[in-house]
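Colleague: I am new to reading protein structures. Could you show me how to read a few features, step by step?

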Amino acid sequence: MSASLIPYKDDPHDKKPLLKKLPRFLRRFLCALGMAPEPPKIKGVFTKYDVTTPYSLTIRQWYEDLILDDPATLECALISVTWYKNKNGVRREFLRLDFSSPDKLHTSIVVAERGTSDIKNGNPSNIIQPSTDIEAVTPLGAATPLLVSQGSTAGTTDESSLPVDETTEINRKPTLSSHMSSMSPSFERSARDVVSYAALESSAGTELERMCTKAIPIRTLTFPPDSVVPSANELATLVYITSAHEPTYNVTNTQCYWFVETIFEAIKSLFAGAEEIIVNAQGGTWNGVRIRRKPSADGVSTKYRAARAALAEEAERKHTAQRQQDEETRRERQAVEGRALEAEERALEAEERALEAAERALEAAERALAAEEANARLLQELEALRRARASTSQD
């Protein structure tokens, strides 16, 4: 792992001259005219160009319903990972994952983040608190979009609402930690971890990218040619395992800071050769105060390896079962074809025997006809002989 420290200026994804962004708008324009290829139909990673709002759904839905069993996601390679922190309002942190399409012609943007579900009367509310400036995100299958507003607490507790004045200095960290340690159980909520995704060239992708440009980039991972490049399927497994590893949102140790850092560090551990750029040191802090986080990257990495091994074993089992089924189907098809061929051969033999019998009957008929003609000629000769004798007698 190589890492370099550069001063913070702007989002690394936004350091492109305007002219380099023109192909995206040109492609969208040509696609609207039917002159450019649409992004691939890979749910959970890409959307169509004409989609204006990013699709958003829980990580469990995203992984289990869209990613897990889609082999096309194994062909979508990770381009980069960027760790972001909101500048204003809710100081939430989130991850941006950029993936290439199997043909390398398209790019998708996937944002993963941890929010909370407010539990009331045993039923979680539908209010989520993503670190996003998008005012409406549309979950797949939802009748109406979930409305979220920038900076809104929506009745839940997160790291933006810690009872510390904005002028809190670093040296007040012990006071903050002791205060959080004495918090009531209301600071523990059921986590609601969410993924939003879109094709980068689409209007929905522009919305997600705008959200990123309004945030502070903390760190970035890129994958040079000699590195181990994970696929969308593999990254989805890691994100899902991280979410399930600590399903409770606890503002003192398993908050959004924990979620982002755990995934980021696990990627560094699991996929050798990734290059890290450290842009800013504000990650995992609230108004400059370092927030305690539960160290989980090693545990999540271990679970990831076990999960991928189990998935590989299950895939091999399915592949073996499919091969066996294909072989059985092939043998059964061959048996059916063999029986059909035998029946056809028997029918052909019967037809040949019938033809031979007909030929023999024809030959018999021809012989009978020839015999009859010979008898007729003999009778004619006898009749002629009798007439000749009768004429001689009269003379």
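Modeller: Happy to; we will look at a strand, its partners, a pair of helices and some aromatic rings. Keep in mind that this is a predicted model.

Colleague: Let's begin with a strand. Which way do the residues of S4 point?

Modeller: The general idea is that side chains in a regular strand alternate between the two faces of the sheet. Here, Glu93, Leu95, Leu97 and Phe99 point one way from S4, while Phe94, Arg96, Asp98 and Ser100 point the other way.

Colleague: And is S4, residues 93-100, mostly covered or mostly uncovered?

Modeller: Mostly covered: eight of its eight residues are buried. Take Ser100, which belongs to strand S4. Its relative accessibility is 9%, so Ser100 counts as buried, the cut-off being under 20%.

Colleague: Now the partners. How many bridges join S3 to S4?

Modeller: Seven bridges join strand S3, residues 78-86, to S4, and the two run antiparallel. As an example of residues facing each other, Lys85 stands opposite Glu93 in S4. The hairpin of S3 and S4 has six residues between the strands, and Gly89 takes a positive phi near 65° there.

Colleague: What about S4 and S5?

Modeller: S4 is joined by seven bridges to strand S5, residues 107-117, and these strands also run antiparallel. Val111 in S5 is the bridge partner of Arg96. In the hairpin of S4 and S5, with six residues between the strands, Lys104 is the residue that takes a positive phi near 65°.

Colleague: Let's turn to helices. At what angle do the axes of H2 and H5 cross?

Modeller: Helix H2 covers residues 59-67 and helix H5 residues 232-245; their axes come within 9 Å and cross at roughly 145°. The crossing of H2 and H5 is left-handed. From H2, the contact is made by Ile59, Arg60, Trp62, Tyr63, Glu64 and Ile67. From H5, the residues are Ala232, Asn233, Ala236, Thr237, Val239, Tyr240 and Ser243.

Colleague: How do the residues of that contact divide by type?

Modeller: In the contact of H2 with H5 there are eight nonpolar, three polar and two charged residues.

Colleague: One last feature. How many aromatic pairs does a search of the whole structure find?

Modeller: The search finds five aromatic pairs. In general, a pair of aromatic rings is described by the distance of the centres and the angle of the planes. For Tyr55 and Tyr197, the ring centres are 5.7 Å apart and the planes are at 45°, so this pair is tilted. The pair links distant parts of the chain, with Tyr55 in strand S2 (residues 55-58) and Tyr197 in strand S10 (residues 188-199), 142 residues apart.

Colleague: Are Tyr55 and Tyr197 buried or partly exposed?

Modeller: Tyr55 has a relative accessibility of 26%, so Tyr55 counts as partly exposed. Tyr197 is buried, with a relative accessible area of 2%.

Colleague: Why is the pair of Tyr84 and Phe94 called stacked?

Modeller: Its ring centres are 5.3 Å apart and its planes are at 20°, so the pair is stacked, because planes under 30 degrees apart count that way. Tyr84 lies in strand S3 and Phe94 in strand S4, so the pair ties together parts that are ten residues apart in sequence. Tyr84 is buried, with a relative accessible area of 0%, and Phe94 counts as buried at 0% relative accessibility.

How values were computed
Residues numbered from 1 in each chain as written. Predicted model: local features only at pLDDT ≥ 70, side-chain atom pairs only at ≥ 80, totals over all residues. Heavy atoms only, no water. Buried < 20%, exposed > 50% of the residue type's maximum accessible area, 1.4 Å probe, protein only. Helix = DSSP H or I, 4+ residues; strand = E, 2+ residues; numbered from the N terminus. Pairing = 2+ DSSP bridges. Axes fitted to C-alpha atoms, helices over the stretch in contact; angles between N-to-C directions. Left-handed = near helix turned anticlockwise from the far one by under 90°. Contact = heavy atoms within 4.5 Å. Nonpolar A, V, L, I, M, F, W, Y, C, P; charged D, E, K, R; others polar. Phe/Tyr/Trp six-rings, centres within 6.5 Å; stacked < 30°, edge-to-face > 60°.
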